[in-house]
Amino acid sequence: MTEAVEYDVVVLGAGPTGENVADRTRAAGLSTAVVEGELVGGECLYWACMPSKALLRPVITRAEARRVPGVRRAVQGPLDAPEVLAHRDDYASHWKDDGQVGWLDSIGARLYRGQGRLHGPRKVVVEGPESEHHVLVARHAVAVCTGSRAVLPQLPGLTGAKAWTSREATSAQSVPGRLVVVGGGVVGSEMATAWQALGSQVTVLVRGDGLLPRMEPFVGEHVADALTEAGATVRTNVSVAAVRRDGGGAPVTVVLEDGELIDADEVLFATGRAPRTDDIGLETVGLEPGSWLSVDDSCRVEGSQWLYAVGDVNRRALMTHQGKYQGRIAGAAIAARAGHTPLLETDRWGAHSATADHDAVPQVVFTDPEAASVGLSLAQAEAAGRRVRAVDYDLASVAGAGLYGDNYTGRARMVVDLDREILLGVTFVGPGVGELLHSATIAVAGEVPIDRLWHAVPAYPTISEVWLRLLETYRG
């Protein structure tokens, strides 16, 4: 019989979210165990954020250099795909987690490798390598930080067709001659941008009206136009009915609902995510395996006094930076409750409330052009019953944009709450706009009054001068 080991906190999942929970609980003096069945560092480090942005950085750099007089002739050739892929491998740490394991050791958290499953309240059983088992008991909290996985649709022929998901798209070791991308969200748009620039002939198939449907409509239009100009094909209002592939190295055929056939070397399905909660013992604590976990603003599972669900598994905001933010909030809440310190439950923006998940979620899409947004879109604000006004400005009219590159195209929008005279949301699309986003995030999260923003003077000549132009447009 394996003897149980007690810790103050047990964290299931050692991705960025779980690491942040552990960091905060250890900083508060709580003993913490972390359980991980794959690589410490999680999806973001090895199959998402880091490898995808390493693929995209050379793409965006070349595109921007081609807009600059005196430089464009020097960068007319193709990208060095093997060098780009090698650079990507470096940023994915060659799929080895020694550095992340060392970091966990440095904060004093204990790592258990293996599949962790709940076994009743506050208890986790770990099935480790070589049939090694551990039983962990949490005095104060268990935090589920197991993240999400890509979901493949139920289509005839897809099983066995070796379709790409986000993992294969970010870790592939060669450039496919032809790539079909099914889905027009962030993953689909970014990977279409990367592989088209690396030499693939890319076809993007979107069921809806356009790319990036969760952002302002003009964003997807700009990105689709740029992809088309780069040589990709973007098709909207089409649905895939089946996939055919005979053998490992054979081409793949995508069958559309109208019977049209599209041949390719690889097909990427970027059509959704599901929580990694199907095999973590939720049934032993009265919860549904495979379900998203509903939580309060401290990330504690509704109806529980000890179980937390942090990051993707709670479906509040499926982005690495939001998971890390939630990890900091949940870690602080666990420590406060363990120390019998009253939580700041009446403070909407307090240390124990993940309010940004509702009101100020920032996101950058690293396409060319970049897209960046925070807070509510116009449609979301109107659906919430807010009395709002959208203020738009052509980024190409800003002096800094013209200096950034010839033929600059882009657009900015701020959504103003007319009753409170604050910003509910801001969106940018255009080259280099990702670095504009944090100023917008501060304005939205800080609920900075429009009158005070008037005194935040943007440096000239930078693209950030768009803030002044937006405020001038609002004032009329």
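Student: Within what distance do the axes of α1 and helix α5 (residues 98–107) come, and at what angle do they cross?

Tutor: The axes of α1 and α5 come within 10 Å and cross at roughly 20°. This is a predicted model, where local features need pLDDT of at least 70, side-chain atom pairs count only at pLDDT 80 or more, and totals for chains, interfaces and linings use all residues. Residues are numbered from 1 along each chain as its sequence is written, and side-chain values use heavy atoms, leaving out hydrogens and water.

Student: Why is α1 called roughly parallel to α5?

Tutor: Roughly parallel is for angles under 35 degrees. The crossing is at roughly 20°, so α1 counts as roughly parallel to α5.

Student: Which residues make α1 and α5 meet?

Tutor: Glu 19, Ala 22, Asp 23 and Arg 26 of α1 meet Gln 100, Trp 103 and Ile 107 of α5, where contact means heavy atoms within 4.5 Å. By class, that contact holds three nonpolar, one polar and three charged residues.

Student: What makes α1 roughly parallel to α9?

Tutor: Helix α1 (residues 16–27) packs on helix α9 (residues 320–338) at about 30°, with axes 7 Å apart. That angle makes α1 roughly parallel to α9. This crossing is right-handed. Among the residues in the contact are Pro 16, Asn 20 and Arg 24 of α1, and Gly 323, Gly 327 and Gly 331 of α9. The contact of α1 with α9 divides into four nonpolar, seven polar and three charged residues.

Student: How do you know whether Thr 203 is buried or exposed?

Tutor: Buried means under 20% relative accessible area, exposed over 50%. Thr 203 has 13%, so Thr 203 is buried. This residue lies in strand β9 (residues 201–205) and touches Leu 179, Val 180, Val 181 and Thr 233, leaving aside residues up to four places away in sequence.

Student: What makes strand β2 (residues 32–36) count as mostly covered?

Tutor: Five of its five residues are buried. In a regular strand the side chains alternate between the two faces of the sheet. In β2, Thr 32, Val 34 and Glu 36 are buried on one side, and Ala 33 and Val 35 on the other.

Student: How do you know that strand β1 (residues 4–12) and β2 pair?

Tutor: Pairing needs at least two bridges found by DSSP. β1 and β2 have four, in the parallel sense, and Val 10 stands opposite Ala 33 in β2.

Terms used: Axes are lines fitted to C-alpha atoms, for helices over the stretch in contact, and angles run from 0 to 180 degrees between N-to-C directions. Helices (H or I, at least four residues) and strands (E, at least two) are DSSP runs, numbered from the N terminus. Angles under 35 degrees count as roughly parallel, over 145 as roughly antiparallel, 65 to 115 as roughly perpendicular and the rest as oblique. A crossing is left-handed if the near helix is turned anticlockwise from the far one by less than a right angle, and right-handed if clockwise. Ala, Val, Leu, Ile, Met, Phe, Trp, Tyr, Cys and Pro count as nonpolar, Asp, Glu, Lys and Arg as charged, and the others, Gly among them, as polar. Buried means under 20% relative accessible area, exposed over 50%, partly exposed in between (1.4 Å probe, protein chains only).
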